Amino acid sequence: MASTSAPAKKPASSSTVPAIKTPCRIHSTAVIADKVQITGPHAVEIGENAVLQPHVKLRAEGGKIIIGKNTTVAEKAIIGFAAGQGEGDIVIGDYVHIDAGTRIEASRIGDGSSIEVNSVIGKGAVVGKDCKVTALNVVNEGEELPDFTVVFCDGQRRIDQTMKDHAEIRTAKRLGQERTVALLQRLIPNVASKWL
Amino acid sequence: MSRPAAAARRTHKGEYIETDTGNKISRKSHIDGKQHIMLGGRTVVMAGVQMRGDLCRVAEKSSDGGAEKEGPTTAIAVGSVDVEIMVQRGTIISTNSVLRPPMRLSRGQMTCYPMRMGDNIFIGPGSHISAASISSHVYIGANCVLSPFCVIKESCKILPNTVVPPHMIVPPGSIVAGRPGRIIGEVGDGWGQGGGGGEGEEWVEGGDLRPLVRSIK
């Protein structure tokens, strides 16, 4: 994509890659707040109605980052690896809720999952669909969480049977996420054009 | 006229910007939507603190077409802003904390709710606060998570690394700890009334934080 040497926001770091603008493909309905940082030479794809709130860091240093439809990423979340810390693409599904201060290095996060405050998803981990990682929890490197897993308390895991058995609960959850997106689209000024 | 102004600015070169009411706000804090944030006075906002004032209640159109009368769209209120007593303030928000007003579905729409905080609250570093309200003399340790719509009443102590579950109401004088947070005891008599701990320990947890606010420069 457009790899013109526009003045990227990235500070002149010691990395060997020159300060090039990250090739971004952002859907026209996505909202990117001001003060979002997108760095790295790899492609970043942001789906429709996705919302990136202030101070989110997308580091496409080790591979592509793909963010799905209706996904919200809250402030201070870091998605991706620092330069030289790892490699691999990161795919985040649709209707995913990523809360404040999380660190995401997973290779895949399934649709409808929610990652709560200050939790860490390790390198190469695969989080299934409709999972929930509650606050301050850690999913280890390379771990695979099956669909409908809940990580709670101090790292315990169980399957959310209610979520698994009832499709209407999953639909309601997605509807709630859509409403959240609708609110955030009203409240957060969009500066997506900066990254195109 | 520009000379004295420049000199005045030079005196404020420290980390904190001090306002007329004694609020100290770090230059390194990230404050969004500052028109929706009220600080009562003698509040310290340290470096790296994220305050999401932009997540405020939005004025809705009523069904008859005209704009509905809306109250003030305050998202975060710290300190007794609308109480006539001018003293007894002092809330400290430590480094890298996040203050984010909670949101939930109301009448088919996602709505943000204001967050109210009292006086003499200490919030430890790295905490995430989404509470509906926090009363006065509360001590919150480091890396705590106060989930959306929890209510913390007066004189509580929240130990470090606690996750207070959503909608939990913590009664006055409790000690909360664990993941999920449980009430593990009471603070007992004399909470916040220090005769002074050791040398130079002018402030106590839950007590008057003014000496501590004063010492932060």
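Author: We begin with residue classes: Ala, Val, Leu, Ile, Met, Phe, Trp, Tyr, Cys and Pro count as nonpolar, Asp, Glu, Lys and Arg as charged, and the others, Gly among them, as polar. This is a predicted model, in which local features need pLDDT of at least 70 and side-chain atom pairs count only at pLDDT 80 or more, while totals for chains, interfaces and linings use all residues. Residues are numbered from 1 along each chain as its sequence is written, chains are lettered from A and ligands numbered from 1 in the order in which they are written, and side-chain values use heavy atoms, with hydrogens and water left out.

Reader: By class, which residues does the lining of the largest pocket have?

Author: The lining of the largest pocket has 22 nonpolar, 14 polar and 11 charged residues.

Reader: How is a pocket found, and how much space lies in the largest pocket?

Author: Rolling a probe the size of a water molecule over the atoms shows where empty space is left. On a 1 Å grid over the protein atoms alone, a pocket is an open set of points where a 1.4 Å probe fits, with protein on both sides within 12 Å along at least five of seven lines; lining residues have an atom within 4 Å of a point. Grid points are joined across faces, edges and corners, and the volume is the space filled by probe spheres set on the points. In the largest pocket that space is about 1,300 Å³. Its lining consists of 47 residues, and those closest to the centre are A:His97, A:Asp99, A:Glu116, A:Lys132 and B:Pro148.

Reader: Which element gives the most to the lining of the largest pocket?

Author: Helices (H or I, at least four residues) and strands (E, at least two) are DSSP runs, numbered from the N terminus. The helix α2(A) gives the most, with 10 residues.

Reader: Which residues lie nearest the centre of the second largest pocket?

Author: They are A:Lys76, A:Ile78, A:Gly101, A:Thr102 and A:Asn118, out of 20 lining residues. The space in the second largest pocket is about 390 Å³, and its lining has five nonpolar, 12 polar and three charged residues.

Reader: How many helices and strands does chain A have, and how many does chain B have?

Author: Chain A has two helices and 21 strands, and chain B has two helices and 23 strands. In chain A, 49% of the 196 residues count as buried; in chain B, 49% of the 217 residues do.

Reader: How many residues does the contact take from chain A and from chain B?

Author: Contact means heavy atoms within 4.5 Å. The contact takes 24 residues from chain A and 30 residues from chain B. Buried area is the accessible area (1.4 Å probe) that two parts lose on being put together, summed over both. Here the two chains bury about 2,100 Å², with 57% of it on carbon and sulfur atoms. On the side of chain B, the residues that lose the most area are B:Val58, B:Met110 and B:Arg179, together 27% of what that side buries.

Reader: What should I look for in the backbone?

Author: Most residues other than glycine have a negative phi, and most peptide bonds are trans. The bond from B:Arg179 to B:Pro180 is cis, with omega near -5 degrees, and B:Pro180 is in the loop between β22 (174-177) and β23 (182-186) of chain B.

Reader: Is A:His55 buried or exposed?

Author: A:His55 counts as buried because its relative accessibility is 16%. Its phi is positive, near 65 degrees, and A:His55 is found in the loop between β5 (51-52) and β6 (57-60) of chain A.

Reader: Is B:Arg107 buried or exposed?

Author: B:Arg107 counts as exposed because its relative accessibility is 70%. B:Arg107 has a positive phi of about 50 degrees.

Reader: Where does A:Val117 lie?

Author: A:Val117 lies in the loop between β14 (114-115) and β15 (120-121) of chain A. A:Val117 counts as buried, at 6% relative accessibility. Not counting residues up to four places away in sequence, A:Val117 touches residues including A:Asp99, A:Leu136, B:His128 and B:Val145.

Conventions:
Buried means under 20% relative accessible area, exposed over 50%, partly exposed in between (1.4 Å probe, protein chains only).
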